[in-house]
Every structure is written in structure tokens, then in C-alpha cells.
Amino acid sequence: MIDGLPGRESVATDMADGLRGRESAYDRQRLIPGWDQDRLAAATVVVAGVGAVGNEIAKNLALAGVGRLILCDPDAVSVTNLSRTVLFTPGDLHGPKAEVAAESLRRLVPTLQVEPRIAPLISGVGLGELADAALVIGAVDTIRARMQLLGRCALVGAALVDSGTQPWGGEVRFRPPDQPDEPCYACTLTEHQRSHSDLPWSCFEPRDTGPEPASIAAAALVGAWTTTAALEFLMGRPPAWRLLSIELTGRTSPVQISRNPSCPYHHPWTDHPSPLASSADTTVAELLTEFAPEDEPETWTDFPLPLFCRVCGLYPQLADRPDRDHVQLCARCGALLRSVTSVRLRDAGSDIRLRELGVAPEEILPVRGAQGERRCVRLSRG
Ligand SMILES: [Zn+2]
Ligand SMILES: [Zn+2]
């Protein structure tokens, strides 16, 4: 008889079962030379992006026995996902990808600890969480998202295995932890490409030929290579390559890349962040009690401030936090109201919780002192 697939807590039970002669789900893979089930069970892995490749990777890591997964994706399941995603069914249409995937994984591996984050990476997973994770995996599909993930991993020295697909293949990149001089994804982009950041990564020229071609074959292949690199890294054998080029024609090979001296993604945060009692669920007013009056704590992304009419001075909807793209006219004088944004936490309403401003759990926030000096603080888990 085959027992259920164990997760972090049940590895001991799993092993005890083995000693008692009962079969366990992991018995076969334990026979692989160098396999270390306990290291996998103890690991937390962040998966950024739960589309086609993210589905494959999350499924593979859960089945292999990784103990805890944090899945981050802001999007909802669409009908075109269904040809490439093992964790989504037609009944899941329009549901949040991260949550639907987490639910499917719990059915697949009941003992897995899985936390869905329905948010863009910058609001979904804090720098503290990236720093503490055993590994971060990228399965996002735009240059901007890949560079943002790389930038955040580089800041805290996190290990990153980053994937990208093309119609007939793709690539996997490995960024080792705490080695800022290693060549990275952005080293292989030109300055123009780095600034031109919202195009699909596989084609740097703008085009309007409709949706990107994609199939389960490329997603499964790239997902399998990404999983292989991740498992090897988690079991103490980091890949020797930094870029693996994968072709569905049958050839997969490491590609030599070199450090670009002008690449900006090589400056880790050397400061040790001071821990705060506040968490992402704390209000701005409570957070500010942890700072001296001259300290300026900031967020990583700007947040909208209440609308204000510069012509007549009316605050039409002081309570509202307007959408930054939303255009409104002043109810009193008819002037165009422009939404203003800020990263200065002292500008935010005092009763607003940090997560409502887009601040991620266990985020590390920059703080500017009176003389312009910089330090950083880390939010608690809450
Ligand atoms: Zn670089
Ligand atoms: Zn007005």
C-alpha cells in the first residue's frame, strides 16, 4: 500500500514507515544517488508566476517533496491557460491563479505548506522572505517582471533560478546566492533593452501580431529543466552553468555569458536591516511610532494620495484612494483632478495598513535619515 505523499512534518513518519517495512511515496527517489529528501522537506521555495511554466514547476516541486511553497501571481485563470496548466480546470476560470494552483497542490500533496499571494511580486513577497527562502524561482513572461525579480534577489543575495519559454524551447538561468559578481540575466541585455522593459522577453522589437505562441511541450520541458536545477541546488549541488538554452529540436546546452560592467544588478544591500515590531498589517500611524521624527521610511512602489483640486482647493473625496489612471473632474470648479503618488510613508493616511499601500509581507523598507543617510528596516511576520 502506498501512503499519502508526506511534506515537511511527515518526513519522520515517512522514514519510520520505511524502517517498519511499509512503503512510502518517496522510496523510489530516495534510491537516487545523492538524493536528500530531508533537505527538500526543510526548504521554502518562492515561485514567482503561476502560468504555464509556473504550474509545471510548482507541481514538480510539490511532488518531489519540497516542504513549503510561496506562489505569487496577480492574474486570473483565462481560457487560453487551460491547454498548458495541469493545476487549472475549466471550473477555475477567472479565479486567482495563485489561489487555484495552491488549492490543486493541496489536493495533490495534502501535507505541503503552500501560501498563495494574489499580487505582483513587489507587493506579494517581501525582501525578507526572498532572503530567507532556500531558493526563488522565476516563471514570469515579461522583461520588466524578470528584471524586477532579479533586482530584488540581487539586493538581498537570494539564489534565483529563472525560466523563460519560446515557441520551440526556452531558457533557464541560475543566479547563485551571495555572489554579486556573477553574470546575470540583465548582463545579457543592452541598456536599451533594460529600459524597454515591458515587452515579452523573447522578442525585443515591438510587434502587434497578437498573443505569444506557446504550448505545453515548451512549458513542460523548460519546467523540467528548471525543476532539475532547483532540486540540485536545494540538495547542495548548484548548477555549474549560468544560462541553459533549451531547444525542442533536441539540443539543450549551457551558454557562456559574461559580466557586463554597466549592468546595475550587482550591488547587494550590505546593511543588516533593523527588525521592526510592525508588520504589513500594521497601520501607518503605528509604524511611524517606531521611527524618530526626522526619519523618512519609504515604500518600493508609489501609492496614490487622495485627490485634491489645485484650482479651488477642494478635497472632493478625502476618503477615497483613487486608481492612478482614473480621471476625475472637480465637483465644484470642473478642473481636472490629477492623482498624485508618493513613496513617502508620512504622506499616507494614518489609518491605512501597509499592505493596502502595496507593501509585501516581511518587506525590507528603505529609510532616509535627517542627513540623507540610508538604512533599512525589516517588517515582522505579524
Ligand atoms: Zn548583470
Ligand atoms: Zn476645484
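Mentor: Happy to; we will look at the metal site and then at the cores. Keep in mind that this is a predicted model. Start at the zinc ion (ligand 1), which is coordinated by the SG atoms of Cys184, Cys187 and Cys263 and by NE2 of His266, at 2.1 to 2.3 Å. Now look at the angles: the 4 donor atoms subtend 96 to 121° around the zinc ion, so the arrangement is tetrahedral, since four donors count as tetrahedral if all angles lie between 85 and 135 degrees. For comparison, the ideal angle for four tetrahedral donors is 109.5 degrees.

Next, trace the donors along the chain, where their spacing reads C-x2-C-x75-C-x2-H. Cys184 sits in the loop between strand 6 and helix 9 (191-195), while Cys263 sits in the loop between strand 8 (252-254) and strand 9 (274-275), so this pair ties together parts that are 79 residues apart in sequence. Cys184 has a relative accessible area of 4%, so it is buried. Cys263 is buried too, because its relative accessibility is 2%.

Now step out to the cores. The largest nonpolar core has 44 residues, and Val45, Leu61, Leu69, Leu71, Leu105 and Leu135 touch the most other members. Among the elements that each supply at least two residues of this core are strand 1 (44-48), helix 4 (52-64) and helix 10 (216-234). Pick out Leu61: leaving aside residues up to four places away in sequence, its contacts include Val45, Leu69, Ile137 and Leu231. A second, separate core holds 28 residues, and Cys263 is one of them, along with Met147, Ile364 and Cys376. That brings us back to Cys263, whose SG also coordinates the zinc ion.

Methods
Residues numbered from 1 in each chain as written. Chains lettered and ligands numbered in written order. Predicted model: local features only at pLDDT ≥ 70, side-chain atom pairs only at ≥ 80, totals over all residues. Heavy atoms only, no water. Core = buried A, V, L, I, M, F, W, Y, C linked by side-chain atoms within 4.5 Å. Buried < 20%, exposed > 50% of the residue type's maximum accessible area, 1.4 Å probe, protein only. Helix = DSSP H or I, 4+ residues; strand = E, 2+ residues; numbered from the N terminus. Contact = heavy atoms within 4.5 Å. Donors = N, O, S within 2.8 Å, 3.2 Å for Na, K, Ca; no water. Tetrahedral: all angles 85-135°; square planar, octahedral: opposite > 155°, others 65-115°.
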